[in-house]
Amino acid sequence: MLLGYARVSTADQNPDHQIDAHLRHGVERGDIHIDTASGAKASRPKLDLVLQLLRPGDTLKITRLDRLSRSVLHLVTLGANLRERGIGLHVIEQGIDTTTVEGRAMFGMLSVLAELQRELIVANTMDGLAAARARGRKGGRRPSLTEDQAALAQQLYDAREKTVQQIADLFGVPRSTVYGHLDLEKTVPRQPKSTAPTKP
């Protein structure tokens, strides 16, 4: 099954170009789902719906990568989730198709950039908290995370690299803020992955 996803930033923008591209590439009109939201906005109900509808063997079609997300880290996280579920991703105008060897290789290059972005997010967050402490302020009790931070939080949580409390400490936010950004279906208490004891 082919499902199409389109996004426009404001109600004034016209999604017809994206719709036409989906129709030309075999997506039925009723299977094209459109969000009106900025790329940085975490809540995109139509994207959430599409991700729920997709089944193994299906393909998600978008016109460009920035229609799915403006964050490389978020893109790679979504791509990895689709791959694990046996779902293809076809980026029509940029020639990326993860059902092919070439497409998977191209998407793999994004993973390298995402890892760099991940390290920069952590470093910038730690620098910001350190600067706040140096000025005598309590660090980082922000009401929300940025899209990049939310994607990294989900990645750390799913990989069991950190608990919710550790993620909250990393970004200087309450546990409730982290829970608010995690995929609710996966939000259950976890412990970090244990490492095997080394032999003397």
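These are my notes from a walk through the structure above, which is a predicted model.

**Overall layout**

I started with the secondary structure and counted eight helices and five strands in the chain. Read from the N terminus, the elements go β-α-β-α-β-α-α-β-β-α-α-α-α. I then looked up burial: 41% of the 200 residues count as buried. The exposed surface comes to about 11300 Å², with carbon and sulfur atoms supplying 54% of it. For contacts between residues at least 6 apart in sequence, I noted that 72% join residues at least 24 apart.

**The sheet**

Next I traced the strand order. The five strands make an open sheet, E2-E1-E3-E4-E5, with mixed pairing. Which strands stand at the edges? They are E2 and E5 (96-97); each has a single partner strand, so one side of each has no neighbour in the sheet.

I went through some of the pairings. E1 and E3 are parallel, with three bridges, and Gly4 sits opposite Lys61 of E3. E3 and E4 also run parallel, joined by four bridges; here Thr59 has Gly88 in E4 as its bridge partner. E4 and E5 pair in the antiparallel sense over two bridges, and I found Val91 bridged to Ile96 in E5.

**Strand E3**

I wanted to know how E3 is covered. A reminder to myself: in a regular strand, side chains alternate between the two faces of the sheet. In E3, Thr59 and Lys61 lie on one side, Leu60 and Ile62 on the other, and all four are buried, so I logged both faces as covered.

The largest nonpolar core holds 18 residues, and Leu54, Leu60 and Leu68 have the most contacts inside it. The elements that give it two or more residues are strands E1 (2-8), E3 (59-62) and E4 (88-91), along with helices H2 (45-53), H3 (65-68) and H4 (72-84). There is also a second, separate core of 16 residues, including Ala150, Leu156, Tyr157 and Leu170.

I listed the contacts of Leu60, leaving out residues up to four places away in sequence. Among them are Leu3, Tyr5, Val50, Leu54, Leu68, Leu82 and Leu89, and also Gly88 and His90.

**Helix H1 and His22**

Then I moved on to H1, which spans residues 16-24 and contains His22. Its buried residues are Gln18, Ile19, Ala21 and His22. Why do they sit on the same side of H1? Because they cover an arc of only 160° around the axis. These buried residues pack against E1, E2 (32-36), E3 and H3. After H1 comes Gly26, with a positive phi near 90°.

Is His22 buried or exposed? His22 is at 0% relative accessibility, so I put it down as buried, the cut-off being under 20%. Not counting residues up to four places away in sequence, the residues His22 touches include Gly4, Tyr5, Ala6, Val27, Ile32, Lys61, Ile62 and Ile92.

Key: Residues numbered from 1 in each chain as written. Predicted model: local features only at pLDDT ≥ 70, side-chain atom pairs only at ≥ 80, totals over all residues. Heavy atoms only, no water. Core = buried A, V, L, I, M, F, W, Y, C linked by side-chain atoms within 4.5 Å. Buried < 20%, exposed > 50% of the residue type's maximum accessible area, 1.4 Å probe, protein only. Contact = heavy atoms within 4.5 Å. Areas by Shrake-Rupley, 256 points an atom, 1.4 Å probe, with all protein chains shown as cover. Pairing = 2+ DSSP bridges. Arc of directions from axis to C-beta.
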